[in-house]
Amino acid sequence: MTTIDAPRTPVATTRRGVNLEKWGWMYMRVSGVLLVALIFGHLFVNLVAGEGVKQIDFAFVAGKLSDPFWQVYDTLLLWLALIHGANGMRTLVNDYVAKPGVRRALHFALAASTAVLLILGTLVIYTFDPCPVGADPELVASFCGDL
Amino acid sequence: MATTAPEAPTQEVGAVQAFTVTLIVRRFDPEKDAEPYWQDFDVEMYSTDRVLDALHKIKWDQDGTLAFRRSCAHGICGSDAMRINGRNRLACKTLIKDLDITKPIYVEAIKGLPLEKDLIVDMEPFFESYRQVQPFLIASSKPEKERLQSIEQRARFDDTTKCILCAACTSSCPVFWTDGQYFGPAAIVNAHRFIFDSRDEAAQVRLDILNDKEGVWRCRTTFNCSEACPRGIEVTKAIAEVKQAILRGKP
């Protein structure tokens, strides 16, 4: 024997399917933990290890970007941090913008700028030329002379 | 307490010291005022009195038009949650001596719910989201006597059974202030009370309801709710446990 329906049982409460809000929340937690490690690694390698902050110049960056390890590292950093920030901004918009039109416009602006920055950043990481033709050998990475 | 200052011979021996407290109350009468305004009252109070007593003195002796809700006046009916000196408290549990009476005491209605008059707000949106989580035992079994439960099973949700639905937590939540669609801490606390009840069979239904765009994921762990709760419920912890239960897919 079954009991009668509970009073005011809402229609279709068991809505199945993907819940973006849940995955957004999960993403913030997971990427947050990864970013703590990635960002401090990035800061240490750039600012503390070796000669410290003085070492940063074109040659230093070019050297890092031609190493597959740092290419993957920087790609991870770029995508995780940018989407993490954009998702945070999205929740801020949800929190403080009540008008649907303004909300949609801000969400669109956020998504567009995030997409542009992701594409540009990824292009830079993978198509960067560490040894531009005709550059002063003093300024480029040390391995450029071997080419 | 029972000391009499020698320079005050008119005072009876053993009399409790009374002092004047200034209350600044945010008044609003929808039939007369376009905007709420602040009005101050001076009342003679004892340190053992509560803010509710001060409001009573104002209403009974000074201005009968002051409107506020109260029922039991002993911290269990949840009627008189209000914003006292910028913090959500129960007027009947806030002692005058715990506030700084050298300054005026600011009293206003709780935020985030439609203001009706003076300290009274429309609680309907609050109770609507409370009803949506189905806050009642759903069980198909029909035992001869009671539904048995071990001490551990009862302890699992003990904290959230303490809720008195005063709305102090929900109306202290910044997400609720700006997004009226969010369930709010109180509804999630009351869902938690049944989700983790071993006798209840509809935990999954409630988890599905709260796994929504406006459900638990809107919680920003600001901890305003835990601080506001006059019953000392660890509200943010309860919400986090519901989040974990949704991720696990079971309580």
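Reader: In what order do the five strands of the open sheet in chain B stand?

Author: Happy to walk you through it: this is a predicted model, where local features need pLDDT of at least 70 and side-chain atom pairs pLDDT 80 or more, while totals for chains, interfaces and linings use all residues. Residues count from 1 along each chain as written, with chains lettered from A and ligands numbered from 1 in written order. The strands (DSSP runs of E, at least two residues, numbered from the N terminus) pair (at least two DSSP bridges) in a mixed way, and the order in chain B is E2-E1-E5-E3-E4.

Reader: Which strands of chain B stand at the edges?

Author: An edge strand here has a single partner, so one of its sides is left without a neighbour in the sheet. In chain B that describes E2 (37-46) and E4 (87-90).

Reader: Which residue is the bridge partner of Met82(B) in E4(B)?

Author: Strand E3 (residues 81-84) of chain B runs antiparallel to E4(B), and four bridges join them. In E4(B), Met82(B) is partnered by Arg89(B).

Reader: At about what angle does helix H1 of chain B run to E2(B)?

Author: Helix H1 (residues 51-62; helices are DSSP runs of H or I, at least four residues) lies across E1, E2, E3 and E5 of chain B. With axes fitted to C-alpha atoms, for helices over the stretch in contact (C-beta atoms, placed from the backbone, within 7 Å), and angles from 0 to 180 degrees between N-to-C directions, H1 runs to E2(B) at about 105°.

Methods: Two residues are in contact if their C-beta atoms, placed from the backbone, lie within 7 Å.
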